[in-house]
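The following exercises concern the protein chain shown below.

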Amino acid sequence: MKKLMVGMALTATLATAVTPGFGSIGGNQEKAYAAATVTYKVTASKLNVRSGAGTTYGIIGSVVKGQTLSVMSKSGSWYKINYNGRTGYVSSDYVQASRTATPPAESTTYTVTASTLNVRSGAGTNYASIGSVTKGQKLSVVSKSGSWYKINYNGRTGYVSSDYVQASGTTTPPAESTTYTVTASTLNVRSGAGTNYASIGSVTKGQKLSVVSKSGSWYKINYNGRTGYVSSDYVQASATTSPKLVVDSFKTLGNAQQVILVTADNYDTKSAKIQTFEKVDGKWKQVLTANGVLGQKGFALSKKEGDMESPTGKYTIGTAFGRYANPGTKLPYRKITANDVWVDDSKSSLYNTWQQKPANGRWTSAENMDIPAYDYGFVINYNESRTPGKGSAIFFHVGTNYTAGCTATSKEQVVSILKWLNPEKNPVIIQSPVSELDKY
């Protein structure tokens with residue numbers, strides 16, 4: 001059997017005038033769109049502004065009590081702010097936000113799948129347990145390190161194994177964001193939208209502005225924690241397209257218009273990332289991003305029968321299967337019966353094929369197909385030449401832990417991918433360590 005668990009963690013590319021919201025249990029995307037009104041005010045008499053998110057970074061200035069800050073995002077316990085045209089960071093312990101921002105339409109939810117899961121002081125089982133969480137509990141995930149999630153736990157930083165946490169939900173980043181740049185040598189910032197308003201300061205050529213909105217021919221901006229206005233005649237707004245997708249650089253896709261990409265940090269980890277892409281109007285679009293697992297021993301340099309490793313390479317997608325009725329896939333679908341097996345006997349002429357019992361001497365070893373892991377899935381067309389000993393029964397299927405060589409995910413995600421796959425779009429699956437993606 002070959003299983004995989006998925007999760008998703010996409011970060012939205014924020015447009016101009018974006019302010020962060022608050023991470024709550026069940027999400028680590030502490031961001032919101034400009035439509036939400038959030039005021040961030042300094043509560044300390046004097047608060048240092050640093051060049052990075054930590055007290056080890058140098059001080060570039062300070063803000064004072066009652067001052068309103070232009071907050072861009074939050075990183076752990078630090079706010080990233082616009083400070084005199086520069087990027088600065090202040091401790092969130094001394095900043096009060098007056099209202100919770102509206103979160104993106106979809107966010108990532110992290111749910112515990114184990115009955116009881118230890119929360120540790122570091123990313124590994126060698127670290128002490130500082131508590132536990134229980135099945136169904138929602139986690140506030142800060143980041144991921146290898147196969148461990150860094151979480152906020154009762155006001156402390158803790159770590160839990162990603163093997164027992166299911167992430168679900170996706171956030172589609174905006175297609176582009178806007179950059180506002182000063183074009184005049186010196187441009188007055190005024191207290192209102194007009195030259196009759198007093199100047200409260202100035203910005204210089206090339207400086208990037210944090211624009212909140214536009215009123216006639218004036219931009220409303222965040223200026224040193226205050227609201228200011230600048231003439232749009234001397235500001236250039238340019239759209240910045242999102243970074244290229246990884247599939248944009250692939251040269252071996254041929255006529256494939258759907259791609260499932262399964263990657264890992266190296267050959268020896270069972271933890272993987274799953275991404276799906278579809279070509280629409282000649283351009284690749286990302287559909288899904290998820291975390292998952294591979295074979296117990298990770299990826300295989302050269303796959304062999306029984307090595308507990310998942311094969312690397314690019315493969316076409318075969319028959320979809322399941323123990324229940326077709327969930328809505330366009331792929332050819334075969335319902336599993338109690339007699340269905342997949343032959344893994346290298347000496348059999350039926351090696352690496354789907355057959356039915358009884359064996360009647362046709363094979364000495366075969367994998368039973370009527371198991372929960374195969375509630376739904378599809379065949380990865382690996383070793384189609386059926387070379388003895390090169391590996392058999394390589395599937396994409398339901399699972400929550402490591403596999404014996406397949407790729408697996410939650411039942412919900414398997415069904416979602418099955419419904420998305422379209423044989424008319426010549427879908428392929430690519431499995432590779434990140435360092436070797438240039439092969440494709």
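**Exercise 1: Confidence and overall composition**

The model is predicted, so local features need pLDDT of at least 70 and side-chain atom pairs count only at pLDDT 80 or more, whereas totals for chains, interfaces and linings use all residues. Residues are numbered from 1 along each chain as its sequence is written, and side-chain values use heavy atoms, with hydrogens and water left out.

Task: State the mean pLDDT of the protein chain, and describe its secondary structure and burial.

Solution. 
1. The mean pLDDT is 83, and 85% of the residues reach 70 or more.
2. The protein chain contains one helix and 35 strands. These elements are DSSP runs numbered from the N terminus: helices are H or I with at least four residues, and strands are E with at least two.
3. Of the 440 residues, 48% count as buried. Buried means under 20% relative accessible area, exposed over 50%, and partly exposed in between (1.4 Å probe, protein chains only).
4. Among contacts in the protein chain with a separation of 6 or more, 59% are between residues 24 or more positions apart.

**Exercise 2: Strand β35 and its partners**

Task: Determine which strands pair with β35, and in which sense.

Solution. 
1. Two strands pair if DSSP finds at least two bridges between them.
2. Strand β22 (residues 258–264) pairs with β35 in the parallel sense over six bridges. In this pairing, A264 stands opposite P433.
3. Strand β27 (residues 313–322) runs antiparallel to β35 and is joined to it by four bridges. Here K314 has I430 as its bridge partner.
4. Six of the six residues of β35 are buried. V428, I430 and S432 point one way, while I429, Q431 and P433 point the other way.
5. In general, side chains in a regular strand alternate between the two faces of the sheet.

**Exercise 3: The residue after β35**

Task: Is E436 buried or exposed, and which side chain does it contact through polar atoms?

Solution. 
1. E436 lies in the segment after β35 (428–433).
2. Because its relative accessible area is 19%, E436 is buried.
3. The side chain of E436 makes a polar contact of 2.9 Å with that of Y267. A polar contact is a pair of N or O atoms within 3.5 Å; within protein, one must be able to donate a hydrogen and the other to accept it, and residues adjacent in sequence count only if both atoms are side-chain atoms.

**Exercise 4: The surroundings of T68**

Task: Classify T68 by accessibility and list its contacts beyond four places in sequence.

Solution. 
1. T68 is in strand β4 (residues 68–75).
2. T68 counts as partly exposed because its relative accessibility is 26%.
3. Beyond its neighbours within four places in sequence, T68 contacts T39, Y40, K41, G225 and R226.

**Exercise 5: A three-stranded sheet**

Task: Give the strand order of the sheet that contains β29.

Solution. 
1. The order is β30-β29-β31, in an open sheet with antiparallel pairing.
2. The edge strands, β30 (354–356) and β31 (366–368), each pair on one side only.
3. Strand β29 (residues 340–343) pairs with β31 over three bridges, and V343 stands opposite A366 in β31.

Key: Contact = heavy atoms within 4.5 Å. pLDDT = per-residue confidence, 0-100.
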